[in-house]
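Student: I have a structure open and would like to learn how to read it. Could you walk me through it, one feature at a time?

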Amino acid sequence: MKRKSLGIFFKGAGMGAADAIPGVSGGTIAFVTGIYEELINTIKQFGPGALVVWQRDGWRALVKHLNLAFLIPLLAGIGISLVSVAHLALWLMEAHPLLLDGFFFGLVAASGMVVAQAGDRWKFWYLFPLLAGLLLARMLPSLMPLVLLLGNEATIVMVAGCIAISAMLLPGVSGSFLLLTMGLYGTIMGAIRSFDITIIMLFGMGCVIGLALFSRLLSWLLRRHHGFTMQLLLGFIIGSLPVLWPWRELLRYQVGPSGQMIPLEYRYLLPSDYAVLTGASAQIIGVVLLMAVGILLVMLLNRRAGKSTTLDSTNTAQR
């Protein structure tokens, strides 16, 4: 069955929009839209083996080997969305942070339910990868400021790209949020908006390295230890939810080399406590409504992805 490139493009646009927002992962969108494992396995195909296929069987075989019918519209959607959403994301974060957090809290929470349902039958020892995912999701942000100790600016940007793209492949782990905790979110988003070629190239080189290494690890884990990996991903998603809780107070932060504030620790509040502390409206109705919209969107996307998978399998069997 011929792929619907427009549908893949919009899935990529969703991933790009998520990746532009600190606290949300493009990997989450890939999972709920049913393209996660195909994405990981497609990225893994880029390597020395692709050159062998090209030399042996020609261009057509290479296009099929690299799954370009899937990858090109997906990357186009991600790229266009990142550039366009870069402006909108920064504005929303400043103008409507509670509403934005509410929407993505609902989206990520529902994604956790989708991942839980997609895993193998529960086994007691799955508790260990689940807890490992939870702990890693909580520890990663506090470790990110150490990247700034590398000193050389070019090295820092490349390492940041490697870490951020690896995180973006994980549902629940936000590459943008890790960039924020490194103190580099404004730098990278600003470079994208202003087309700063030097920073974009350095960041891109780090992304290529991260994709090459991490996609192979994830592909191997999904192929050899699928149940274990799904529980690990579920742990990442659950562990990332506090970052998106709308009503929170920043307790501890660090000032980055360019004067930017790097959040290190939050206190999570009830809406009433938030209103008393800040003197501002907790916007309960709006936040809860957008949480529900996020949950509904994930349920609809996952349902549609399930139907598409079933249809593709049926068509393949009839061939």
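Student: Which helix gives the most to the nonpolar patch?

Tutor: This is a predicted model, and in it helix H12, residues 197-224, gives the most to that patch, with three residues. The patch on the surface is formed by Val 83, Phe 195, Ile 197, Ile 200 and Met 201, which together have about 470 Å² of accessible area.

Student: What is Leu 39 in contact with, leaving aside its neighbours within four places in sequence?

Tutor: With those set aside, Leu 39 is in contact with Met 15, Ala 30, Phe 70, Leu 74 and Leu 169.

Student: Which residues of helix H3 are buried?

Tutor: In helix H3, residues 36-44, the buried ones are Tyr 36, Leu 39, Ile 40, Thr 42 and Ile 43. Look down the axis of H3: its buried residues fall within an arc of 165 degrees, so they line one face of the helix.

Student: Let's turn to charges. How many salt bridges are there?

Tutor: Side chains of opposite charge can pair when their charged atoms come close. In this model the count comes to two salt bridges. Asp 101 forms one with Arg 248, with the closest N and O atoms 3.0 Å apart. That pair links distant parts of the chain, since Asp 101 sits in helix H7 and Arg 248 in strand S1, 147 residues apart.

Student: Is Asp 101 buried or exposed?

Tutor: Buried: the relative accessible area of Asp 101 is 11%, and the cut-off for buried is under 20%.

Student: What about the salt bridge of Glu 249?

Tutor: Glu 249 pairs with Arg 267, and their closest N and O atoms are 2.7 Å apart. Glu 249 is in strand S1 and Arg 267 in strand S2, 18 residues apart. Arg 267 is partly exposed, at 40% relative accessibility.

Note on methods
Residues numbered from 1 in each chain as written. Predicted model: local features only at pLDDT ≥ 70, side-chain atom pairs only at ≥ 80, totals over all residues. Heavy atoms only, no water. Buried < 20%, exposed > 50% of the residue type's maximum accessible area, 1.4 Å probe, protein only. Helix = DSSP H or I, 4+ residues; strand = E, 2+ residues; numbered from the N terminus. Arc of directions from axis to C-beta. Patch = residues over 30% accessible without salt bridge, like charges linked within 9 Å, V, L, I, M, F, W, Y side chains within 5 Å. Areas by Shrake-Rupley, 256 points an atom, 1.4 Å probe, with all protein chains shown as cover. Salt bridge = Lys/Arg side-chain N within 4 Å of Asp/Glu carboxyl O. Contact = heavy atoms within 4.5 Å.
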